[in-house]
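Could you walk me through this structure, one stop at a time?

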Amino acid sequence: MNFTLIFKNNKETRSLANDNTTINDILNDLDLSSETVVAKKNGEIVIEDEKIQDGDEIQLIQIIYGG
Amino acid sequence: MKCGNPKIIIKRKQSGQTLCKSCFVESIQKKAIKTIKQENLIDKGDNVLVALSGGKDSVATLDILNTYKERNIIELCAVTIDEGIANYRNDGVAIAKKHAKRLGIEHKVVSFKYSFDITLDEIMKNPNHRISCSYCGVFRRWIINRAARDFEADKIATGHNLDDEVQAILMNYLEGNIDNLTMIGAKTMSHSPLFRPKIKPLREIPEREIGLYTIAKDLDVHLAGCPYAQESFRGEVSEIIKNLSKNHPTIMYSTLRGFDKIKLALKKEHKHDFQFDTCIKCGEPSSNEICRVCTFLDELGKA
């Protein structure tokens, strides 16, 4: 089970740990705060509780930078 | 949930409210319009100059004010400042130009180099430089004020959001800068006729929601961090507020509300009659013989 992650001009395939993996888990993995990022799943904006399924394309857009 | 659409794009921690894309976009527009109405930010027939960096806040401000232009309530124009920051500013300038063209708005780009014969990158190479934000704030205000007069604008609209306002309240309080503290608000007026009132239609909207608004509306924005931002006191204060907000999601709202309540009393107690005159060097309004811009330029050997 894999999903595609797009973040900062990088596109990579990642494996899904389990069926309950959420956007929030990915944000924690990357040490990102949900307060600074907007997530899209298969092109549509989703909240951080959204579950990721096999084959999904997840895009993380950083909207707030330090300072 | 307002309309029943299960495709939620936000769960507001401060209220528990969940919204779909169209209800969220509507809620942001309504919030800004409410601020404009309540604070009396706009009069019919105003020519409003938008300080347009191409970032999410200024693009959202332009987008919302454009609804007033479309209804023939106001005229719009825009100015973009090129501070001269390599690998950063050019993208924002290009996006700003695109939006102005798309909306048919009179627009000009003014650089630090053109105005002061020095870029921010060059300033930061000077061994005796101050922190970057000091120059940026002071130089940008100078350019925006001039642009407002050139455009014959009645108001200057900026994209300051809730996070910016709360940071400014805390920064000025912590630094004991009561003069600056009393200047914070939705509308800033000045006694000098050379200054135009500044308005902040987005001041009650959190920064993240403005970012989400631009993405929800597919507005092209420049999303990047200023390479000099980490040096600032604002950055440190911002970090404190963000950490507090994790367990206290309403803290920014309560800080702003509380400040707005004490502001009148503060202004009354701390009344200053600024004797505005003009700077003997550049002719811009200044409470001192030489304004801050000319003082900084002096230090940089550019006077």
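Let's start with helix 10 of chain B: what covers its buried residues includes helix 7 (162–174) and helix 11 (251–269) of chain B. Helices here are DSSP runs of H or I with at least four residues, strands are runs of E with at least two, and both are numbered from the N terminus. This is a predicted model, where local features need pLDDT of at least 70, side-chain atom pairs count only at pLDDT 80 or more, and totals for chains, interfaces and linings use all residues. As for bookkeeping, residues are numbered from 1 along each chain as its sequence is written, chains are lettered from A and ligands numbered from 1 in the order in which they are written, and side-chain values use heavy atoms, with hydrogens and water left out.

So which residues of helix 10 (residues 233–247) of chain B are buried? They are B:Gly235, B:Val237, B:Ser238, B:Ile241 and B:Ser245. These sit on the same side of helix 10 of chain B, because they cover an arc of only 160° around the axis (the arc is that of the directions from the helix axis to the C-beta atoms). Look at the face turned away from the buried side of helix 10 of chain B, and you'll find the exposed residues B:Glu236, B:Lys246 and B:Asn247. "Buried" means under 20% relative accessible area, "exposed" over 50%, and "partly exposed" in between, using a 1.4 Å probe and protein chains only.

Now compare helix 9 (residues 207–216) of chain B: 10 of its 10 residues are buried, so this helix is largely enclosed by the rest of the structure. Among them are B:Glu207, B:Arg208 and B:Glu209. Just after helix 9 of chain B, B:Asp218 takes a positive phi of about 55°.

Next, some loops. B:Ser192 lies between strand 7 (187–188) and strand 8 (198–199) of chain B, and counts as buried because its relative accessibility is 7%. Leaving out residues up to four places away in sequence, B:Ser192 touches B:Phe276 and B:Pro285, where contact means heavy atoms within 4.5 Å. B:Asn87, in the loop between strand 4 (75–82) and helix 3 (89–103) of chain B, is exposed at 83% relative accessibility. Its phi is near 60°, a positive value in a residue other than glycine.

Further along, B:Lys302 is in the segment after helix 12 (292–299) of chain B. B:Lys302 and B:Ile118 are 184 residues apart in sequence, yet 7.9 Å apart in space, C-alpha to C-alpha.

Finally, where do the two chains meet? The contact takes 18 residues from chain A and 21 residues from chain B. The area buried between them is about 1700 Å², with carbon and sulfur atoms giving 64%; buried area is the accessible area (1.4 Å probe) that two parts lose on being put together, summed over both. There are four salt bridges between chain A and chain B, each a side-chain nitrogen of Lys or Arg within 4 Å of a carboxyl oxygen of Asp or Glu. B:Lys7 forms a salt bridge with A:Glu44, the closest N and O atoms being 3.3 Å apart. On chain A, strand 3 (37–41), strand 4 (44–46) and strand 5 (57–62) each supply at least two residues of the side that touches chain B.
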